[in-house]
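Dear colleague,

Please find below the structure that I am handing over to you.

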Amino acid sequence: MIFAVSSWALHQTIGTMHKYDLDGSGPVEDRFGKPEFDLLELASQMRSRGYQRLELCHFHIPRRDAGYLAELRASFADAEVVLQTLLIDDGDISHADHHARDARWISGWIDVAESLGAERARVIAGKQPNTPEAFARSADHLSKFAAQSSSIRVTIENWFDLLKTPAAVNQMLDLLGGRVGLCADFGNWPSPRKFEDLPKIFSRAETSHAKCEFKEGIEIDMDDFGACLDIAASYKFPGPYVAVNGGSGDNWAAIAATRAAISARISTAP
């Protein structure tokens, strides 16, 4: 079972979010609290706890100059942590008015992913209702993203209105003919519908956001999470399973509980 950690699962520990404006006016800082360590220390903190794969949210990166990106990449290499995915968590390439602006912004972050040595860059396929026009705009930009870098695998996610149904997800993947991959997220579709819909896309997943909910402390709601894991296991999905929710207390303890729950459930799957 392959396991990875999203920096969002550590957002309380990392503290600072850097909100890069789409209109180019520059980054604005927002804090969840005082950071426990600098981002350059993240990989070594992970490695010391036995985690070797990372998904990094774009807004956790404080600077995009070449020197800083090289330093951040070196921190991953020194700790032997693989940057599995840069999560580009903004932009709407399906929007009628500002799709071109947002595509330029996302393209710049794909360049950042390449500079950091990431395997993938996950982009948002679209936030607009699924009309033929919005779908076509998204597909056009996704095709261009896929061709942008020979070293970066662009992926999408079952997220927001454009891809809120399995049919839409599969239509997009079919249209792009394998040039774009899929991250299947446990939490983006509501219960109980997701238990019917996730099986319709999971055979195509390359990664999965194994999003769980915590009841109290680090006690996981296994009714929901277990059902999602059973779906993944039914397709013999080996991972990477990505811990996304860091709970409301000790983020590292919540991540450890997530990994334990996944391992236990997958190991007993038929």
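I begin with a helix pair in this predicted model. Met 222, Phe 225, Gly 226, Ala 227, Leu 229, Asp 230 and Ala 233 of H8 are in contact with Thr 258, Ala 261, Ile 262, Arg 265 and Ile 266 of H9. By class, this contact of H8 with H9 comprises eight nonpolar, two polar and two charged residues. H8 and helix H9 (residues 251–267) pack at an angle of about 55 degrees, and their axes are 10 Å apart. The two helices, H8 and H9, are therefore oblique to each other, and their crossing is right-handed.

Two further helix pairs share helix H5. Helix H4 (residues 99–115) packs against helix H5 (residues 132–148) at an angle of about 25 degrees, with the axes 11 Å apart. H4 is therefore roughly parallel to H5, as angles under 35 degrees are counted in that way. The crossing of H4 and H5 is right-handed. On the H4 side, the contact involves His 99, Ala 100, Ala 103, Ile 106, Ser 107, Ile 110 and Asp 111, which meet Arg 137, His 141, Phe 145 and Gln 148 in H5. Five nonpolar, four polar and two charged residues make up the contact of H4 with H5.

The other partner of H5 is helix H6 (residues 166–176): the axes of H5 and H6 come within 10 Å and cross at roughly 45 degrees. H5 and H6 are therefore oblique to each other, and H5 passes H6 in a right-handed crossing. H5 contributes Phe 135, Ser 138, Ala 139, Leu 142 and Ser 143 to this contact, while H6 contributes Ala 168, Gln 171, Met 172, Leu 175 and Leu 176. The contact of H5 with H6 has seven nonpolar and three polar residues, and no charged residues.

I turn next to the pockets. The largest pocket has a volume of about 200 Å³. Its lining consists of 14 residues, of which Trp 8, Asp 89, Trp 159, Lys 211 and Val 244 lie nearest the centre of the pocket. Six of the lining residues of the largest pocket are nonpolar, three are polar and five are charged.

The second largest pocket has a volume of about 170 Å³. Residues lining the second largest pocket include Ile 14, Thr 16, His 18, Glu 29, Arg 31, Phe 37, His 60 and Tyr 68. Strand S2 (16–20) and strand S3 (27–31) each supply at least two residues of this lining. The lining of the second largest pocket divides into six nonpolar, three polar and three charged residues.

Finally, some points concern the backbone. Most residues other than glycine have a negative phi, and most peptide bonds are trans. Against that background, the peptide bond from Ser 191 to Pro 192 is cis, with omega near 0 degrees. Pro 192 is located in the loop between strand S8 (181–185) and helix H7 (193–197). Gly 239 and Pro 240 are likewise joined by a cis peptide bond, with omega about 10 degrees. Pro 240 lies in the loop between helix H8 (222–234) and strand S10 (241–243). Phe 160, a residue other than glycine, has a positive phi, near 65 degrees. This residue, Phe 160, is found in the loop between strand S7 (153–157) and H6.

With kind regards

Terms used:
Residues numbered from 1 in each chain as written. Predicted model: local features only at pLDDT ≥ 70, side-chain atom pairs only at ≥ 80, totals over all residues. Heavy atoms only, no water. 1 Å grid on protein atoms, 1.4 Å probe; cavity = no way out; pocket = protein on both sides within 12 Å on 5 of 7 lines; lining within 4 Å. Points joined across faces, edges and corners; volume = space filled by probe spheres on them. Nonpolar A, V, L, I, M, F, W, Y, C, P; charged D, E, K, R; others polar. Helix = DSSP H or I, 4+ residues; strand = E, 2+ residues; numbered from the N terminus. Axes fitted to C-alpha atoms, helices over the stretch in contact; angles between N-to-C directions. Parallel < 35°, antiparallel > 145°, perpendicular 65-115°, else oblique. Left-handed = near helix turned anticlockwise from the far one by under 90°. Contact = heavy atoms within 4.5 Å.
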